[in-house]
Amino acid sequence: MAPPTPAEIQKHQQLVDRLDIARVPRPFRNPNWRPSQRRNKNVKQLISENSRKEASVMATQANSGASTPLQPGTDGSETPVDSTARTNIAQAAQNLSTLVLEKNARAIASSGPSVTYTNIESAPSLHPSAHTRYCDITGLPAPYTDPKTRLRYHDKEVFGVIRTLAQGVPESYLELRGAHVVLKYVTGNHIKKTTF
């Protein structure tokens, strides 16, 4: 084959330039976009920050009545001091928001127990994902159950591991899941255990 002429080389280069996808304009891309300078926080930082916020809210709720001093009334009852001269608007707004929070908390408390970060006691979930079974060994979805040990497993490799577990270990896995039941009954002079 004969070597290409300069005209053919130039035509070839123009074709390559035209088909180059790096030169295709991308209107969906913002030329001014920059990655966020905000640093991602780890779990420990998030928890400590949240506990600090909760502590500050609890402190302001505890001191909500301290900003309104009482003055003895003429009839022996106590009345609030005229505090328009003493308090500024920001402090009054903070006290008002604290009072609203207290009122809302009382309304919620009267209607029944509420679930918060500090109170994890709640009713069982009725969501379909709560009925998903997970492997007792790996934590992956478990479509199978070993009939001998009643442990749930993900695949045949985990099944092999389950069958090689020492005596008593499957019961500890079942205890962790809350599925370990032992019935003791007496027959003659012997006590027998039955595991379900």
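What pLDDT does the protein average, and what share of the residues score at least 70? The protein averages a pLDDT (the predictor's confidence in each residue, from 0 to 100) of 75, and 63% of the residues score at least 70. The model is predicted, so that local features are reported for pLDDT of at least 70 and side-chain atom pairs only at pLDDT 80 or more, whereas totals for chains, interfaces and linings use all residues. Residues are numbered from 1 along each chain as its sequence is written, and side-chain values use heavy atoms, with hydrogens and water left out.

The secondary structure comprises five helices and six strands, where helices (H or I, at least four residues) and strands (E, at least two) are DSSP runs numbered from the N terminus. Along the sequence these elements follow the pattern α-α-β-β-α-β-β-α-α-β-β. Confidence is lowest in strand 1 (residues 70-72), with a mean of 51, and highest in strand 4 (residues 152-153), at 94. Of the 196 residues, 9% count as buried, a class defined by under 20% relative accessible area, with exposed set at over 50% and partly exposed in between (1.4 Å probe, protein chains only).

In an unreviewed entry, UniProt lists residues 133-162 as "domain: Vps72/YL1 C-terminal"; UniProt positions are given in the numbering used here, feature names are shortened, and annotations may be inferred rather than shown by experiment. The end C-alpha atoms of this span lie 17 Å apart, and the span is 23% helix and 13% strand.

Asp136 is found in the loop between helix 3 (89-111) and strand 3 (144-145), and Asp136 is buried, with a relative accessible area of 15%. The side chain of Asp136 reaches the backbone nitrogen of Arg152 at 2.9 Å, and a polar contact of 3.5 Å joins the side chains of Asp136 and Arg177. A polar contact is a pair of N or O atoms within 3.5 Å; within protein, one must be able to donate a hydrogen and the other to accept it, and residues adjacent in sequence count only if both atoms are side-chain atoms.

Arg150, in the loop between strand 3 and strand 4, has a positive phi of about 65° although it is not a glycine. Arg150 is partly exposed, with a relative accessible area of 25%.

Arg150 is also among the residues that lie nearest the centre of the largest pocket, together with Lys148, Thr149, Pro170 and Glu171, and 13 residues line this pocket. A pocket is an open set of points on a 1 Å grid over the protein atoms alone, where a 1.4 Å probe fits, with protein on both sides within 12 Å along at least five of seven lines; lining residues have an atom within 4 Å of a point. Helix 5 provides the largest share of the lining, three residues.
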